Amino acid sequence: MMQSWNSIEALLEAASVPADEAARAAAHRHWASLAHPLGSLGLLETMLEDAAALTGSPRLNFDKRAVVLLCADNGVVAQGVTQTGPQVTAAVARGFAAGESPVCRMAAAARCEVVPVDMGILDFPGVPGVLSRRIGNGTGDITLGPAMTRAQAEQAVLTGAALAAEQAAAGVNLLATGEMGIGNTTTSAAVACTLLGRSAEDFVGRGAGLSDAGLARKRDAVRRALEVNRPDPADPLDVLAKVGGFDLAGLCGVFLGGAACRVPVLADGLISTVAALCAVRLCPGASKAVFASHVSAEPAGHAVLDALGKQPLITAGMRLGEGTGAVASIPLWDMARAVYAESYSFETCGVEAYQPQGKGE
């Protein structure tokens with residue numbers, strides 16, 4: 001049965017259920033029983049222990065996976081912060097539906113379903129294969145005023161949470177996040193600057209390959225957006241409403257919904273991890289559902305992961321978006337589970353079990 005929430009408060013309460021530490025300990029003991037040096041698979045081990053704590057069981061299965069791709073346009077594109085116009089968002093969304101984009105080809109290799117969602121693509125009439133969950137027809141230009149109203153930000157968060165719940169109800173047990181929205185590295189940088197108290201010079205990058213002049217315009221746009229809107233770093237919904245985007249707010253909801261439904265959610269790159277940071281600032285308990293896939297090559301990539309207290313599985317200089325980093329990490333989940341579920345134990349192979357030892361012993 002699908003869960004749903006009619007208010008932000010109800011969602012945050014559901015997402016705040018604590019992790020199951022007994023399940024984490026059981027998963028840790030199981031790893032220790034397998035014939036390998038203790039902890040030698042590093043993050044692959046702690047990742048599954050964290051998943052056990054989230055799901056409430058050391059018996060782990062990730063056989064049904066999906067990547068939700070939230071698509072929306074951003075009014076700040078009018079400030080020349082991108083190489084291309086907003087029409088590209090719609091074109092790529094159609095590519096998602098046709099199964100032709102990079103993430104679609106990677107998802108096919110990872111046995112992962114692709115779920116494109118229109119959260120507010122500019123003048124988009126809709127196409128088969130793209131779910132319509134429109135909050136508005138693109139956002140406002142954040143250099144001139146708020147991206148959206150607070151009510152729209154709340155609606156977008158609840159919509160994202162409902163998407164996570166729909167996937168969980170369909171049996172998805174590993175959920176990846178992705179996005180498409182021309183201009184969304186500008187909005188995500190503005191949100192990150194606010195939440196982490198950093199400057200545009202620190203966090204604004206070249207996105208899809210801006211020239212020096214384009215980078216200067218983008219940094220200026222973020223500076224002006226922060227001056228005009230004065231988002232409150234203590235209120236993530238205010239930040240999302242003033243300088244965020246429908247995709248960012250929706251992804252924030254996906255992480256909260258994953259926490260409430262006890263489904264691991266794979267954060268992708270900068271946009272996705274900034275959304276995860278918003279979710280965790282709204283509800284610290286949501287952190288249990290956030291799993292880092294890779295670290296973005298954008299300037300804020302490492303800082304946002306550090307703020308989340310998450311370590312990436314992959315460091316490959318990726319910055320494509322579309323959920324490609326999240327999907328690229330799924331085979332590592334499969335390999336980790338294969339060892340966890342199927343490898344022989346010290347007992348079965350007749351080897352004396354390793355024992356934890358202190359330094360210098």
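Good morning. The model is a prediction, so local features are taken where pLDDT is at least 70, side-chain atom pairs count only at pLDDT 80 or more, and totals for chains, interfaces and linings use all residues. Residues are numbered from 1 along each chain as its sequence is written, and side-chain values use heavy atoms, with hydrogens and water left out.

I begin with the pockets. Rolling a probe the size of a water molecule over the atoms shows where empty space is left. A pocket here is an open set of points on a 1 Å grid over the protein atoms alone, where a 1.4 Å probe fits, with protein on both sides within 12 Å along at least five of seven lines; lining residues have an atom within 4 Å of a point. A volume is the space filled by probe spheres set on the points, which are joined across faces, edges and corners.

The largest pocket has a volume of about 560 Å³. Its lining counts 29 residues, and those nearest the centre are Asn184, Thr185, Ala208, Arg319 and Leu320. Two or more lining residues come from each of β4 (174-180), α7 (184-196) and α12. These labels follow DSSP runs numbered from the N terminus: helices are H or I with at least four residues, strands are E with at least two. By class, the lining of the largest pocket holds 9 nonpolar, 13 polar and 7 charged residues. Nonpolar covers Ala, Val, Leu, Ile, Met, Phe, Trp, Tyr, Cys and Pro; charged covers Asp, Glu, Lys and Arg; the others, Gly among them, are polar.

The second largest pocket has a volume of about 300 Å³.

The whole structure has 4 aromatic pairs. Rings of Phe, Tyr and Trp (its six-membered ring) pair if their centres lie within 6.5 Å; planes under 30 degrees apart are stacked, over 60 edge-to-face, and the rest tilted. The ring centres of Trp31 and Tyr340 are 5.3 Å apart and their planes stand at 65 degrees, so this pair is edge-to-face. Trp31 belongs to helix α2 (residues 21-33) and Tyr340 to helix α14 (residues 324-342), so the pair ties together parts 309 residues apart in sequence. Both Trp31 and Tyr340 are buried, where buried means under 20% relative accessible area, exposed over 50%, and partly exposed in between (1.4 Å probe, protein chains only).

Phe291 and Trp333 also form an edge-to-face pair, at 5.2 Å centre to centre and 70 degrees between the planes. Phe291 lies in strand β6 and Trp333 in helix α14, 42 residues apart. Phe291 is buried at 6% relative accessible area, and Trp333 is buried at 1%. Together with Phe62, these two residues form one aromatic cluster.

Finally, I turn to one helix contact. Helices α10 (residues 236-243) and α12 (residues 270-282) pack at about 145 degrees, with axes 9 Å apart. Axes are lines fitted to C-alpha atoms, for helices over the stretch in contact, and angles run from 0 to 180 degrees between N-to-C directions. Pro236, Leu237 and Leu240 of α10 meet Cys278, Arg281 and Leu282 of α12, contact meaning heavy atoms within 4.5 Å. Thank you.
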